[in-house]
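Please have the sequence and the structure open while reading.

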Amino acid sequence: MRLTRYFLPVLKETPAEAQIVSHRLMLRAGMVKQASAGIYSWLPLGYKVLRRIEEIVHEEQIRAGHHPILMPTLQSADLWRESGRYDAYGPEMLRIKDRQDRDLLFSPTAEELVTDIMGSNISSYRDLPKTLYQIQWKFRDEIRPRFGVMRGREFLMKDGYNFDLSKETALHAYNRHLVSYLRTYERMGLQAIPMRADSGPIGGDYTHEFLVLAETGESEVFYDSEITDLSFGEREIDYDSAEQCQGVLEEFTSRYARTDETHDAALFNQVPEERRRTARGIEVGQIFYFGTMYSDKLGATVTDQNGDKVALHMGSHGIGISRLVGAIIEASHDDKGIIWPEGVTPFQVAIVNLKQGDEACDGACESLYQQLGKAGLEVLYDDRDERAGAKFATMELIGIPWRLTVGPRGLKNGVVEVTSRRTGEAEEMTPEAAVARMVETYAGI
RNA sequence: CGGAGUGUAGCUCAGCUUGGUAGAGCACUGUCUUCGGGAGGCAGGGGCCGCAGGUUCAAAUCCUGCCACUCCGACCA
């Protein structure tokens with residue numbers, strides 16, 4: 001993308017309404033524009049990151065054997081009355097009437113609808129297990145939206161639902177989700193720690209929240225520092241293997257890690273003192289097993305091996321997609337701007353032409369732009385007639401991980417500069433070597 | 001919902017106390033110089049001063065009501 005043709009409304013000054021760094025940077029980098037309290041328009045750069053995160057989540061869900069679907073944002077109140085949540089949910093649920101005076105609601109989550117879909121379409125234990133998920137906009141009329149996309153009223157969430165014959169297999173689904181989430185977050189360059197959580201209005205006994213440590217996190221967290229040494233890494237896992245999933249769950253949840261909701265001081269004090277940590281965290285996902293709570297109420301059953309009708313065992317699992325954009329920035333920025341992890345960056349490489357209009361510089365940039373594009377990389381080419389400082393500042397603000405700097409001085413020696421956004425280190429090499437370096441850097445991401 | 005604030009140019013803000021026909025910096029347009037880390041000069045464009053009432057010869061400024069947004073608290077992916 002040539003910057004002169006792109007829509008990138010960056011701001012030099014910090015908008016007054018933004019309190020936390022991710023919100024400020026998202027506004028300054030022209031990623032979002034607030035439409036009203038807790039509701040945002042996603043501009044090209046922000047939308048690109050959002051889609052990239054979505055893509056990773058889809059890939060990892062499908063890898064784990066889950067099936068993507070798309071349910072409506074507006075749902076009839078009827079199913080919610082059956083489950084009892086139409087009254088239980090409170091004013092956080094946005095209720096709407098259509099022209100026939102029928103009660104509708106803007107879905108804050110979708111247990112009812114997905115249970116209805118599954119329950120009315122399967123009848124035998126042979127149809128199980130199944131896991132459906134969607135990535136869809138949700139609305140929760142928060143009392144106080146804040147922190148930009150981190151606590152919006154409208155937000156994009158991946159919500160998944162597993163349907164199993166027994167508690168035992170449903171717990172395998174629970175574990176499988178935990179494993180798949182670990183992998184998902186790592187691909188985004190995040191360390192998200194599973195912590196024992198409170199089940200809240202969805203209910204159920206088994207639940208973990210995934211938290212990214214960050215100073216601006218809304219939850220206070222307590223953990224054994226050993227947990228931060230764990231990483232899922234490149235390991236191969238068979239998602240169908242109950243043993244393997246269980247093993248990973250045990251590895252990642254055996255050390256103390258809880259939010260303030262479930263914190264147990266006595267238990268925490270059994271952790272050796274030098275490993276006890278208190279910090280703040282951003283919740284970026286949560287998994288639940290809640291048994292037959294919804295299937296009982298909505299009559300979602302199958303016939304088992306013995307010919308008996310049994311209610312489906314269920315769990316639900318969420319990843320806050322739009323929140324992740326903010327969380328990643330909270331976890332990865334400096335005083336100049338955002339530093340995108342390579343896995344989610346909107347553009348993989350920036351080209352800065354130091355002397356726009358100079359034949360040699362323009363030609364070299366053009367050639368780099370073409371070659372990188374052919375290699376499948378997304379490039380943002382700063383072809384503005386601007387001063388070098390302004391170009392560097394823009395690319396640093398919007399966080400492109402790698403910058404190729406092309407100027408007359410370097411070209412005289414046949415080299416361009418390759419600069420890492422993260423370390424600031426620059427290396428001179430030929431344009432050909434720079435292309436090869438970028439291709440190599442992104443291979444496998 | 002309780003408490004505290006703020007609405008003036010695209011952005012950051014001054015002006016309001018003590019009413020007199022709207023300001024700065026950045027951004028934008030034209031032009032000249034400059035050009036390897038957010039340059040400078042000259043010339044320009046841009047405002048129902050959140051909305052509606054009221055007081056007054058006169059309201060951004062005073063009064064009343066409303067709306068929007070932000071912050072602190074309870075709530076949440």
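By class, the surface near RNA strand B is made of 16 nonpolar, 14 polar and 17 charged residues. The model is a predicted one. In total, 47 residues surround RNA strand B. Arg144, Gly320, Gly389, Gly407 and Arg409 are the closest of these.

Several elements supply at least two residues each to this surface: the strands E8 (154-164), E13 (276-291) and E16 (313-320), and the helices H10 (321-331), H12 (388-397) and H13 (408-412). Which helix gives the most to the surface near RNA strand B? H12 does, with 8 residues.

Strands of a sheet pair through backbone hydrogen bonds, and the pairing can be parallel or antiparallel. Here the strand order is E20-E19-E21-E22-E23, and the pairing is mixed. Strand E20 (379-382) and strand E23 (426-429) stand at the edges with a single partner strand each, so one side of each has no neighbour in the sheet. From one strand to the next, the twist averages 20°.

Within the sheet, strand E21 (residues 402-406) and strand E22 (residues 416-420) run antiparallel and are joined by 4 bridges. Thr405 stands opposite Glu417 in E22.

Two helices are packed on these strands. H11 lies across strand E19 (349-353), E20 and E21. H14 packs on the sheet as well, where it touches E19, E21, E22 and E23.

| Pair of elements | Angle |
|---|---|
| H11 and E19 | about 170° |
| H14 and E22 | about 25° |
| H11 and H14 | about 30° |

Helix H11 covers residues 359-374 and helix H14 covers residues 431-442, and their axes are 10 Å apart. Why are H11 and H14 called roughly parallel to each other? They pack at an angle of about 30°, and angles under 35 degrees count as roughly parallel, so the term applies to H11 and H14. The crossing of H11 and H14 is right-handed.

Which residues of the two helices meet? On the H11 side they are Ala364, Ser367, Leu368, Gln371 and Leu372, and on the H14 side they are Pro431, Ala434, Val435 and Met438. By class, this contact has 7 nonpolar and 2 polar residues, with no charged residues. The surface near RNA strand B, in contrast, includes 17 charged residues.

Definitions and conventions:
Residues numbered from 1 in each chain as written. Chains lettered and ligands numbered in written order. Predicted model: local features only at pLDDT ≥ 70, side-chain atom pairs only at ≥ 80, totals over all residues. Near = placed C-beta within 6 Å. Nonpolar A, V, L, I, M, F, W, Y, C, P; charged D, E, K, R; others polar. Axes fitted to C-alpha atoms, helices over the stretch in contact; angles between N-to-C directions. Parallel < 35°, antiparallel > 145°, perpendicular 65-115°, else oblique. Left-handed = near helix turned anticlockwise from the far one by under 90°. Contact = placed C-beta atoms within 7 Å. Pairing = 2+ DSSP bridges.
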